[in-house]
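Student: I am new to this structure. Could we go through it in short steps?

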Amino acid sequence: MTRVIKYVFYDILRTRFILLYTLFLLLCTIAMFQLDSDTGKVILSLMNIVLMVVPLISIVFSTIHFYNSYEFIELMLAQPVDRKVIFLGEYFAVAFSLSLSILAGVGIPMMLYGADASGFTLLYAGVMLTLVFVSLAFLSSVLTRDKAKAIGVALLFWFYFSLIYDGLLLWITYTFMDYPLERLTLTLISFNPIDMARILMLLQLDISALMGFTGAFYKNFFGSSTGMIFSTAVLFAWIVMPVVIAARVFNRKDL
Amino acid sequence: MISIQQLRKNFGRLQALKGIDVEFRSGKSYAMIGPNGSGKTTLIKSILGMVIPTSGEILVDGENIRHHWSYREKIGYMPQIGQFPDNMRIGQLLDMIRNIRQHPPAVDEELVEAFQLNAMLDKRMHTLSGGTRQKVSAALAFLFSPPVLFLDEPTSGLDPLSVEILKEKIVHEKERGKLIVITSHILSDLDELTTDVVYMHEGTVKYNNSLETLKEVTGEQKLGKAIANLMRSVSAQHPRIHKSHEKLNTIVL
């Protein structure tokens, strides 16, 4: 497995895209810190970037990478290597390099300028979102042989989770605003990894008061250790489930 | 060595393999012949585990290959069109294939040297010509001196000198008692290299016997003519193809 990961990782480094991505994150973070001296505000601005850009880049890059590795995968399949090892090797290498980009691009400036616990939550949310969207990208890649179609599906995932789902959620809460909705919204939010990450961040930044009673409820729930375990478990499920399904599909795929 | 029982493969509605029963024995070399789309490559890819059969069994050394992968240590495969990671150099590719194995056996670099690939180890794969890719492909297939070799149209795209080098290597390996399966449309090549003929047609095996028997039965000395005879008798059983032949004749006339 480590051998496969090593070769895929080298291959990713050769395309230089990862370096550009790291540089982009680095510049953004430094610029934010330069613009504002209040760490809380900086983290808030960074949060918006992390929640929009990181999932988009992760899912598009992973899908394109998977299709560009078809030759490598075909070559490996003729060798005495397990299919699962090839697939998971690809996954871990992509997930590892994208996570590394975030840790370096956002983490290093944070260390230099000094950030509190909310900074770490941001890094945690960024890495978790990266893993979730790499998983979704691999799922959409094994479902079709057509590269354009797979990128379309990948983009649809991104649109759905970052825009459409929120709209639906807002509509539901608005329509049923006369009823107690805390538990329902909490459940619905679990179905969207980006929302999950956003709420984690907002609670860290102590602006949950802006969210009214629901905010207080979340604060109560996520502030406790059960909440932390719950959110990590949900994000973890979002990472593992698509990969497991994708690996099963890949195992039966004709190449 | 390799035994295939009732192998079927459907691609959607298309039946690529319709119940194949074949044995490939060690020490023999087989010419797999058949028109385009007759299922030759699908059969080879099924044995390699790249294509997952719809039903049927494939046994390598008596062991079912379903969900297994270590049996591929015994197989060298030269694909019809060699696909390689574009950014890699030839040297890196050779190193990678060597390193990916957990127990790397002794390597056989005869072809690497004969094709003078050592002089171009720094070239990236996407800059290579079709013929050079084919040479890399061949070198990789023979690299670990595996007991089984599947060569899918090995000579296409190679210059005459390289064809001779490759043919010499195949004969050499055949004499060492390896099982070799070659598909090709250049029948004169196969005449020198093979001992047995497997003739495929629309996903079925129509003929499977030794080359000598085929020549005796058809009364021809050359494989090309013998196969032409065979094809004629096969298409006589398939009126649809016969008709298309007739149509072709009338157009020519």
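Student: At what angle do helix H2 and helix H5 of chain A pack, and is that roughly parallel or roughly antiparallel?
Tutor: This is a predicted model, where local features need pLDDT of at least 70, side-chain atom pairs count only at pLDDT 80 or more, and totals for chains, interfaces and linings use all residues. Residues are numbered from 1 along each chain as its sequence is written, and chains are lettered from A in the order in which they are written. H2(A) (residues 17-35) and H5(A) (residues 83-113) have axes 9 Å apart and pack at an angle of about 25 degrees. Angles under 35 degrees count as roughly parallel and over 145 as roughly antiparallel, so H2(A) is roughly parallel to H5(A).

Student: How many residues of the contact of H2(A) with H5(A) are charged?
Tutor: Contact means C-beta atoms, placed from the backbone, within 7 Å. Leu25(A) and Phe33(A) are among the H2(A) residues there, and Ile102(A) and Met110(A) among those of H5(A). The contact has 13 nonpolar residues, five polar and, of charged ones, none.

Student: Which helix of chain A supplies the largest share of the side that touches chain B?
Tutor: In all, 18 residues of chain A are in contact with 19 residues of chain B. Helix H1 (2-15) and helix H4 (70-77) of chain A each supply at least two residues of that side. The largest share, five residues, comes from H4(A).

Student: By class, how many residues of that side of chain A are charged?
Tutor: Asp, Glu, Lys and Arg count as charged. The side has eight nonpolar residues and one polar. Its charged residues number nine.

Note on methods
Axes fitted to C-alpha atoms, helices over the stretch in contact; angles between N-to-C directions. Helix = DSSP H or I, 4+ residues; strand = E, 2+ residues; numbered from the N terminus. Parallel < 35°, antiparallel > 145°, perpendicular 65-115°, else oblique. Contact = placed C-beta atoms within 7 Å.
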